[in-house]
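Please look at the sequence and the model side by side, and keep both at hand while you read.

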Amino acid sequence: MGAKKDFKVKLIKTEVVAAMLPMQEHWLSQSNLDLLLPPVDVGVFLCYQNPITSGILPKIWSFDSMVNVLKVSLCETLVSYYAFAGELVQNLAGEPEILCNNAGVDFIEAWADVELKEINFYNPDESIEANLVPKKKHGVLAVQVTELKCGGVVVGCTFDHRVADAYSFNMFLVSWAELALSKPLSQLPSFKRSFLYPRCPSVYDPVIDTMYLPISALKQENTNIDHDDDQVISRIYYVKAEEIRRLQSLANCNNTKFTKLETFSAFLWKTIASDTNKNFRLGIVVNGRSRLSNGDEEQAKILKGYFGNVLSIPFGEKRVEDLKEKSLCWVARAVHEFLERAVNKEHFLGLINWVENHRPEPALARIYATDEDTPALVVSSGKQFPVRKIEFGWGEALFGSYHFPWEGKSGYVMPMLSPKGNGDWIVYMHMLKGQIDLVEAIASNVFKPLTADYLNLK
């Protein structure tokens, strides 16, 4: 059966779920790295088969019993992840701080007139957005649990990116699932900000000035949409493991081996380069946790559980003509070179100082400050997204993905591991329609539209 274009979602009930233990109200300051994030929300959704038809579980689950498990375990999880039950409030300097007041999380129950195999995963704008992932109206986190016509369930979440990065949210999802199964937490979150304090005297590499800028330096953004190619849309594809290996083999040259992420990013950069009169920027999100620990085992333990944003986005800028005409090896080397600037401890310590020198004025990664003359794309690895570990008691998720339809014109791409566990990738893309058209015209042998058949949904 093909994807169902339109389906109705009926909201059944909304209630507030708070941490199960009383909490002393307190403030949690944002780190300097948190302050680099604009006020954007990130979505995540997880799809589960009807536990009765799966035939692998002895217990008979109803939607009500699944909802009860999710709510009770969420109450427990929010005890440790109390920031998600709080609110972001502006302080006297105009900067956001987290008021940890256990105001709670909006928990929505819904029903959708669609079967899991009918959902159009290829086009999440049509199927996921505003249907299966909630719009967060207040607070830091919102959850929606939707029962499908087939008895399957979709768990959708939306969280404020200023409070947590994907690494932190992955930790939260795994902890939530562990408590649902009455297991001890495999990783406790840490809110210790001291290792992100600025150094004194303040020192940073001037290259950071080319990567970040104060909001006041932004040009007035042109929000007019002149033609369909300027429309930003989302799509989800799968890429076979052998295609990833083939691209990596093509990129490797002169005894130089590039990572799969470097190769993938280079191939995508090369594919969507279209206007020879322009430059094109590509940025890659770097998680600073392992970089800041720098081999220190005690520091590594703290950072492994650190909750918050520890990100930097180095980028490169090349002429479109070069991207089109040069080899994949040349483009991959360009990716590797700009990444090298940010994969060390000194870069992140310098970035913390850079933010301190500009406070309280907000700042932004320069890659997001794009304009019509310099298109840009950001790639963020989601290969640590633990889809198969987010099991609440009625079987593993058959599919899950991040969903980030932000309003900027910079493209956003997240490759994730396929839930099949066979080395394939799932790739979420949020880009200009013209760029998506290029992907499908030029690289259709690599990027295949995600379907129910690929996911073995029956």
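Is E243 buried or exposed? The model before you is a predicted one, in which local features need pLDDT of at least 70 and side-chain atom pairs count only at pLDDT 80 or more, while totals for chains, interfaces and linings use all residues. Residues are numbered from 1 along each chain as its sequence is written, and side-chain values use heavy atoms, with hydrogens and water left out. E243 has a relative accessible area of 16% and is therefore buried, a word that stands for under 20% relative accessible area, whereas exposed stands for over 50% and partly exposed for what lies in between (1.4 Å probe, protein chains only).

The side chain of E243 meets that of R246 in a salt bridge of 2.8 Å, N to O. A salt bridge is a side-chain nitrogen of Lys or Arg within 4 Å of a carboxyl oxygen of Asp or Glu. R246 and E243 are 3 residues apart in helix α5, so about one helical turn separates them. Helices (H or I, at least four residues) and strands (E, at least two) are DSSP runs, numbered from the N terminus.

Side chains of opposite charge can pair when their charged atoms come close. The structure holds 23 salt bridges, and one of them joins E109 to K71 at 3.7 Å, N to O. This pair links distant parts of the chain, since E109 belongs to strand β6 and K71 to helix α2 (residues 63-80), 38 residues apart. Both ends count as buried, E109 at 6% relative accessibility and K71 with a relative accessible area of 16%. K13, E15, K71 and E109 are linked in a network of salt bridges. Another pair is E115 and K117, whose closest N and O atoms are 3.8 Å apart; E115 counts as partly exposed at 22% relative accessibility, and K117 counts as partly exposed at 23%.

Leaving aside neighbours within four places in sequence, E97 is in contact (heavy atoms within 4.5 Å) with residues including W27, Q30, E87 and N91. The side chains of E97 and N91 are joined by a polar contact of 2.9 Å. A polar contact is a pair of N or O atoms within 3.5 Å; within protein, one must be able to donate a hydrogen and the other to accept it, and residues adjacent in sequence count only if both atoms are side-chain atoms.

In the loop between β5 and β6 (105-112) sits N102, which is buried with a relative accessible area of 18%. The side chain of N102 reaches the backbone nitrogen of A19 at 2.8 Å.

Next come two helices. Helix α11 (residues 345-358) has 14 residues and should span 20 Å at 1.5 Å a residue, which agrees with the 21 Å between its end C-alpha atoms; the expected span is 1.5 Å times one less than the number of residues. Among the buried residues of α11 are F348, L351 and W354, and its buried residues pack against β9 (212-214), β12 (286-287), α7 (289-293), β13 (311-312) and β15 (363-365). At the start of α11, a side-chain oxygen of N344 comes to within 3.3 Å of the backbone nitrogen of E346. Helix α4 (residues 166-180) is mostly covered, with 13 of its 15 residues buried.

A search of the whole structure finds 1 disulfide, formed by C253 and C329 with their sulfur atoms 1.6 Å apart. C253 lies in the loop between α5 (241-251) and α6 (260-272) and C329 in helix α10 (residues 328-340), so the pair ties together parts that are 76 residues apart in sequence. By contrast, the sulfur of C157 is 12 Å from the closest cysteine sulfur, that of C47, which is too far for a bond.

Notes: A disulfide is a pair of cysteine sulfur atoms within 2.5 Å.
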